[in-house]
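Subject: Structure for you to look at

Dear colleague,

Here is the structure I said I would pass on. My notes on it follow below.

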Amino acid sequence: MTLRVIQWATGGLGRAAIGQIRLHPDLELVGCWVHSPGKVGRDAGELAGIGPIGVIATDSIDEILALDADCVLYSPLMPNPKEVAAILRSGKNVVTPLGWFWPTAEEKERMVAPALEGGVTLHGTGIDPGGATEQQPLFFTGLSSAITFVRGEEYSDIRTYDAPDVVRHLMGFGQSPEQAMHGPMLALLDNGFDQSVRMCLDTLGFADAEIRRSREVAVATAPIDSPIGEIQPGQVAAQRFAWEAFIGDAKVVRVAVNWLMGDENLDPPWKFGEGGVRFEVEVKGDPDCRVTIHGWHPSSVAAGLERNPGIVVTAAHCVNSIPYVCAAEPGLLTFVDMPVVTGRAHPDLAR
Ligand SMILES: NC(=O)c1ccc[n+]([C@@H]2O[C@H](COP(=O)([O-])OP(=O)(O)OC[C@H]3O[C@@H](n4cnc5c(N)ncnc54)[C@H](OP(=O)(O)O)[C@@H]3O)[C@@H](O)[C@H]2O)c1
């Protein structure tokens, strides 16, 4: 049975998802919501760069809610819980990279009611949160025992992230260290990475832990070329955000992102090191294990601005989850409640 899917927003993630839905044997794109007035009335396949597919983009929420569909892949700029609740009430499952990875009891209560009303399921997933910062560490703990520590950490060249307003105004790159430290980014990331840490703590059965958040910045020591313009000496050119859980003095979980505008001319002189840009997963137990993931970063700044594999990975995790979410009992589904989510064979090689 083919599942009917609506793509909500066509940013980098939505565009990648449209192409992936087309290649998935169990899925069919039947609708597309857009925010930008210039995209209304255009073919979703053309917006995604795969040629026309006969699905016309609309900015009408009512039209989308009235469509007969099994699932909405919800990926606008910011989450709107009221909007998500309305989609659920309309009888459509929701998969999203914008939250509900490991919701608090209060957040869960708020969304379970509309999900039950619509007889459908809400699931939050992605790359981090939703992948490298909890799904992957937890997966690898299954091959060790007596776990004492897990870590999921990203090391990225942020010049490859094609969202200039986000990079400058939300993340605080190119600002003074004082401006950046008082900016909204730690609070914005907190919503996601706090869930990653709590998912690890709760699932592994750690005792009550204190979660400490930190933010460090490095400034340029010479002009650095970047897609948001030249970063001047003294302006923020690299940042490190970390969420760490402690039981007494023992650090039991670390989730962190290291975002650098390249690794030259920085003070402090942070480096990617020999591993280069990567994701790292670490488990300490019996035995310890360490996994480095390459391929989720672009080969160059230009390639990343064209199509960023990190965004493609996030879209794939959402798209691949859709059949499992549609088959689940109504309510809210987290990664630990699901069977193993896999991709599907390329159409040229499929049975
Ligand atoms: N969990 C994870 O691992 C993960 C990873 C990557 C991204 N994300 C999140 O996923 C979301 C989408 O990422 P992206 O890379 O696709 O972002 P993006 O390229 O910035 O696209 C966001 C899209 O949202 C729509 N939009 C813009 N302003 C809006 C507004 N005021 N209200 C409603 N919609 C608006 C636009 O859609 P149209 O172009 O169709 O008009 C825009 O293209 C972001 O919130 C991002 O933080 C999560």
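Which helices each supply at least two residues of the shell around the ligand? They are α1 (12–23) and α11 (309–327). Helices here are DSSP runs of H or I with at least four residues, strands are runs of E with at least two, and both are numbered from the N terminus.

Before the rest, some notes on the basis. This is a predicted model, in which local features need pLDDT of at least 70, side-chain atom pairs count only at pLDDT 80 or more, and totals for chains, interfaces and linings use all residues. Residues are numbered from 1 along each chain as its sequence is written, and side-chain values use heavy atoms, with hydrogens and water left out.

The ligand

The ligand is surrounded by 22 residues, where a residue counts as near if one of its heavy atoms lies within 4 Å of the molecule. The closest are Thr10, Ser36, Lys39, Leu77 and Leu98. By type, the shell divides into 12 nonpolar, eight polar and two charged residues. In this count Ala, Val, Leu, Ile, Met, Phe, Trp, Tyr, Cys and Pro are nonpolar, Asp, Glu, Lys and Arg are charged, and the others, Gly among them, are polar.

For Ser36, a backbone N or O atom lies 2.6 Å from a ligand oxygen. A polar backbone atom of Gly12 is 3.0 Å from an oxygen atom of the ligand, and for Pro76 the distance from a backbone N or O atom to a ligand oxygen is 3.3 Å. The ligand exposes 920 Å² when taken alone, and the protein buries 76% of that. Accessible areas come from the Shrake-Rupley method with a 1.4 Å probe; for residues, only the protein chains shown count as cover.

UniProt, in an unreviewed entry, places "domain: Dihydrodipicolinate reductase N-terminal" at residues 9–73. UniProt positions are in the numbering used here, feature names are shortened, and annotations may be inferred rather than shown by experiment. The span 9–73 is 34% helix and 15% strand, and its end C-alpha atoms lie 9 Å apart.

Ser75 sits in the loop between β3 (71–74) and α4 (81–89). Is Ser75 buried or exposed? Ser75 is buried, because its relative accessible area is 10% and buried means under 20%, exposed over 50% and partly exposed in between (1.4 Å probe, protein chains only). The side chains of Ser75 and Gln7 are joined by a polar contact of 3.0 Å. A polar contact is a pair of N or O atoms within 3.5 Å; within protein, one must be able to donate a hydrogen and the other to accept it, and residues adjacent in sequence count only if both atoms are side-chain atoms. Beyond four places in sequence, Ser75 is in contact (heavy atoms within 4.5 Å) with residues including Gln7, Trp8, Pro97 and Leu98.

Gln7 also touches Ala17, a residue of helix α1. Ala17 is buried, with a relative accessible area of 0%. Apart from residues up to four places away, Ala17 touches Gln7, Leu73, Ala315 and Val319.

Backbone geometry

Most residues other than glycine have a negative phi, and most peptide bonds are trans. Trp100, in the loop between β4 (93–96) and α5 (105–118), has a positive phi of about 60° and is buried at 9% relative accessibility. Ala146, in strand β6 (residues 145–157), has a positive phi of about 50° and is exposed at 62%.

There are also cis peptide bonds to look at. Asp267 and Pro268 are joined by one with omega about -5°, and Pro268 is in the loop between β10 (266–267) and β11 (278–286). Asp286 and Pro287 are joined by a cis bond with omega about 0°, and Pro287 lies in the loop between β11 and β12 (289–293).

The C-terminal domain

The unreviewed UniProt entry places "domain: 2,4-diaminopentanoate dehydrogenase C-terminal" at residues 171–342. This span is 29% helix and 31% strand, with end C-alpha atoms 32 Å apart. Ile247, in strand β8 (residues 236–247), is partly exposed at 28%. Ile247 and Ala207 are 40 residues apart in sequence, and their C-alpha atoms are 7.1 Å apart.

Regards
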